[in-house]
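Here is a short report on how one chain of a model meets its partners. Start with the sequence and the structure.

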Amino acid sequence: MDGFLEFMSEFANKLSAFKEILSAAALIIIDVCALAIVAFCSKEKKVVQAQWSRAARHMMLTDYDENFAFTLNSEEILMGRHISVDLRFPDMSVSRYHAMLTLEDGIWTISDLDSKSGTYVNGRKIKQIRLKPGDEIKIGQKTLYFRRKRA
Amino acid sequence: MKSIKRGNKLITMMLFIFLVGMGLLIYKIQSEASFYISRSGVRNLGYIYDCNGEILFDDNAESGSYESGHFKDVGNFIGDASGQMTNTLVAKNMEKLSNYSFTSGIQNKGGKAAIYSTLDHSANEKVYTAFGGKNGCAIAYNYKTGEIYVCVSRPSVDPLKGYENLEEGSLLCKAFYKTVPGSMQKISTTIAAVESMGTDELESKSFSCSGSYTNKTGGKINCHNSYGHGTQGIYEGFANSCNPFFAQLVEDNAFRLDDIIETYRNMGYAVNGDKESRFSIDGIMCQKASTDLEDKNDFNTQWGCMGQGTTMVSPCQMMMWQSAIVNETGEMTMPYLIDKVTNVRGRITEKAKTEYSDRLFSVTAAKEVKDIMLSNGENYSGKIPGFTVGVKSGTAQVKNGAEENSLLTGFDTDPDHPIAFCILIENRTSGEVSTDQIATVLLSSIK
Amino acid sequence: MYKNGLSYTGVTFLTLLSHISMLAIVFAKGNYDSILAPVILSAVIIASDLIYFFILKFLKQNTYTIDFLLIGILNMSVIFQSCFGKVSFATKHFIFAILALVCCQAGFKLTQNHRIIESRKYIFYGIIGVLILSILLFTGSRGMWIDLGFITVQPSEFIKPFFVLVCATSLKYQQNKHRVLGIRVVYDNWILIGVTGVIVLLQWWCRDLGSLPTFMAVAGCAFLFRICYPKAKLSKKLIIGLSVLGAAVIVIALKFAPGYVQERLHVDIWSDQNGTGWQQCQALIAIAEGGWFGKGPGNGSLYKVPAANTDIVFEAICEEWGLLVALLAVFMIILLLASSIINTPRSYFHTTLATGASAVFIAQMALNIFGSCNMIPFTGVTIPFISQGGSSMMACGLLAGFLKAGQATVFPVPVRPQQPPQGYPQQNRRVQ
């Protein structure tokens with residue numbers, strides 16, 4: 001034990017000759033370490049994305065009229081005319097906050113938010129319903145299809 | 001995704017504000033670090049030099065390394081780092097003297113932080129000695145560039161000898177504090193008269209003096225010459241410093257009180273209880289002037305225009321007005337003490353520049369008053385031999401008339417020797433050292 | 001290999017290396033009587049690092065960013081706290097660092113599934129109520145601590161994470177409206193306003209004015225998240241415009257405010273250097289003495305000043321380690337928050353939670369650092385994870401757990417996946 005401590009104090013003496021270099025090196029190492037961890041974030045993002053896609057069952061909303069597809073990327077998706085909603089339709093037939101899609105335990109549900117013109121799924125006016133792939137959703141005069149994303 | 005991005009934006013915004021704050025903090029620390037160090041116990045302060053390289057301040061001085069009284073002439077004005085005096089060059093500029101930089105830390109040896117002042121130590125010592133046993137102050141500067149050469153205030157203090165058993169008034173430099181100006185005030189009143197009625201009308205006025213004058217409200221203004229001066233114009237009245245002359249001038253219908261007040265205010269007086277402002281000479285705070293003027297037929301107001309009553313002017317301010325007069329611009333040359341400052345590595349970080357004030361009064365007034373003062377100065381050719389000066393003397397009654405202070409302000413017109421000055425001797429009785437003797441010493445010792 | 005399938009060898013190595021490099025500075029520049037002190041410190045730091053990394057391997061989560069950053073920051077702060085005045089070992093701080101990590105895990109587990117939280121929100125209102133009551137009953141009107149004999153607890157610190165928790169909301173929860181006097185209201189929002197009001201009054205009563213801006217920042221974020229839904233009369237542009245205008249008005253008002261107001265705001269600490277301004281003056285002098293690279297661990301003199309390891313800890317680190325290291329420590333905490341911008345949460349609830357937690361961290365750091373450097377009024381708050389103080393460490397651990405919950409959620413996948421109806425793509429395709 002004593003021998004080890006002696007060795008350590010000799011080691012410390014030798015180290016103190018490189019004070020400035022050590023300080024600079026420590027700064028750089030801590031810096032690199034912090035940045036490396038955060039850089040790892042983007043790798044993890046892919047993992048999370050993959051997990052999410054599995055949980056969300058690779059679903060998306062498509063609108064053939066305007067040829068666009070909206071990937072369902074978060075647990076709650078608000079649809080409507082207001083500027084703050086996630087999926088926006090600048091169409092007067094759509095209410096400001098019209099309907100909301102929610103994911104719970106791998107099941108997507110659509111619920112109507114007391115909209116003026118109502119929400120229709122496969123032609124039926126609904127208040128809240130579980131969605132199946134291939135369902136046709138009508139919001140105001142907009143028709144959307146709930147379907148699986150192709151790999 | 002939009003609603004989730006909103007959260008991201010909010011976090012980004014908060015982080016951004018915080019980072020801006022951190023940036024400001026680093027900047028603040030960088031720029032103020034020398035100040036912090038100057039307030040700590042581990043500081044190392046550099047020297048203050050005079051214009052010839054003589055040391056005026058040495059924080060590490062021991063008794064014996066300088067001859068006795070070396071610092072006494074400038075003691076209460078250069079000051080020291082002990083914190084006993086707060087309105088001194090060292091106390092106000094401690095961070096400039098600090099041998100420290102944020103990168104290299106405190107340097108105990110070989111630090112080159114210093115202040116190179118404009119003062120002339122040998123001239124200061126001569127003027128200080130010329131006062132003999134009298135108290136008072138003298139201040140002189142170059143009215144073209146603004147360099148202060150001499151600033152002496154007696155009684156003074158020797159920082160090396162400590163702060164025990166000091167005379168009253170030792171710890172402040174009287175040149176920067178207001179005092180009763182006496183007849184020197186007639187300069188301001190004459191300027192106001194030119195501004196109000198113009199040169200021609202002022203020169204056409206004449207008033208008679210029979211030793212005393214009873215004004216319109218019944219107040220009696222006495223002249224120092226009890227036999228009277230007879231009928232005088234402005235030149236004679238100014239030269240005689242005739243009180244009845246100025247009382248009648250103030251009462252004159254062409255001279256409006258509003259004009260006096262306006263001119264005074266422009267010159268820096270706090271009239272009738274205005275908030276008093278001060279100015280700074282390299283950090284040293286200096287008082288300006290104040291007076292009360294209510295009714296121009298009233299005894300007190302007339303006395304106020306002649307430098308008694310509630311009128312107060314600081315000698316430094318009086319000296320600065322001389323520059324506005326002698327330069328014939330109506331703008332004061334702003335005085336400064338610090339010629340240049342070097343940092344710990346010897347690099348010059350500050351260099352003084354000549355600056356001018358706003359216009360205080362018109363060029364016409366400056367020219368007219370310069371003529372009047374020069375004409376008065378001719379009477380001094382015997383008292384201040386060898387110099388062409390424009391001057392005005394004053395005698396101020398203080399402590400309810402128990403003591404009389406003797407004052408003199410003026411300028412040297414020689415373009416190679418552009419000195420404006422103001423001298424105060426406290427409680428002078430006849431036969432003692434006079435202001436013109438000190439002026440002679442002062443003018444001849446500044447090269 | 002960690003549970004998410006990524007290899008963290010490089011990050012583990014770097015984190016360890018950054019601690020070792022700091023320990024090398026302690027050996028080289030430190031002030032110690034016997035070599036034993038830095039040896040013990042090094043042994044504990046490195047051993048605890050290794051143990052933490054080992055435990056991490058068994059945690060089933062998607063991301064480990066927060067954990068690695070937290071381990072990095074916490075052991076860094078143990079080194080800082082161990083060196084004030086003389087190299088020793090800050091046992092108390094080390095224990096609280098472990099507790100903070102445990103709390104982080106607890107906070108993560110607690111908030112991972114937000115539906116459970118939202119259906120039982122009353123529990124958290126209850127906890128806040130109990131904490132408020134404990135302050136009212138035990139601390140007295142001018143105090144903040146409850147003395148339990150062997151330890152002192154600061155209940156107001158614990159209110160912070162729970163307040164952040166009740167401030168979080170999902171969009172669905174905001175649709176849960178009730179009709180009161182013809183206006184559709186969300187009960188929860190009104191309860192929240194009430195709770196905010198009670199907390200503000202309480203802080204005022206305790207004279208704990210340092211915590212007030214923190215709560216106001218959290219409540220402000222919560223408010224911003226709620227007014228966009230469901231009745232959004234205020235658009236984003238309007239909010240930004242109004243806040244810019246407000247800031248401009250404040251700046252102009254301050255510039256032209258009468259002298260006595262400005263004097264109140266900017267206390268001249270240097271005019272009373274040996275009186276009320278002593279602590280701050282010493283702190284600022286310490287920064288200046290430290291310079292960029294510091295005097296070396298244990299060589300500082302600021303540890304003699306009261307609250308050197310809590311309220312003016314930033315300056316104490318500046319003095320011993322240099323401004324650059326102190327800035328790096330702050331930078332690590334900023335990265336902790338920034339990681340939730342890079343790896344965004346998937347639900348509105350976790351977004352609001354992460355924003356609330358960030359607001360607490362940023363407000364605390366700003367109040368502490370800018371306050372002690374005399375840029376804003378000085379209030380005694382702590383820097384998360386860096387300052388000593390058990391209550392604060394544990395509360396911040398919980399908040400870090402909330403941040404982690406946003407990134408590291410394990411999403412439940414249905415056990416029996418639904419089969420899509422056969423041939424639906426052809427059936428539904430409409431060709432233009």
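Two residues are in contact if their C-beta atoms, placed from the backbone, lie within 7 Å. By that rule, the contact between chain C and chain A takes 58 residues from chain C and 55 residues from chain A. H1(C) gives the largest share, 13 residues. Helices here are DSSP runs of H or I with at least four residues, strands are runs of E with at least two, and both are numbered from the N terminus.

This is a predicted model: local features need pLDDT of at least 70, side-chain atom pairs count only at pLDDT 80 or more, and totals for chains, interfaces and linings use all residues. Residues are numbered from 1 along each chain as its sequence is written, while chains are lettered from A and ligands numbered from 1 in the order in which they are written.

Now the other partner. Here chain C gives 35 residues and chain B gives 24 residues. Helices H10 (211–227), H13 (278–290), H15 and H16 (348–372) of chain C each give two or more residues to this side. H16(C) brings the largest share, 12 residues.

| Side of chain C | Nonpolar | Polar | Charged |
|---|---|---|---|
| touching chain B | 26 residues | eight residues | one residue |

Ala, Val, Leu, Ile, Met, Phe, Trp, Tyr, Cys and Pro count as nonpolar, Asp, Glu, Lys and Arg as charged, and the others, Gly among them, as polar.

Chain C itself has 18 helices and four strands.
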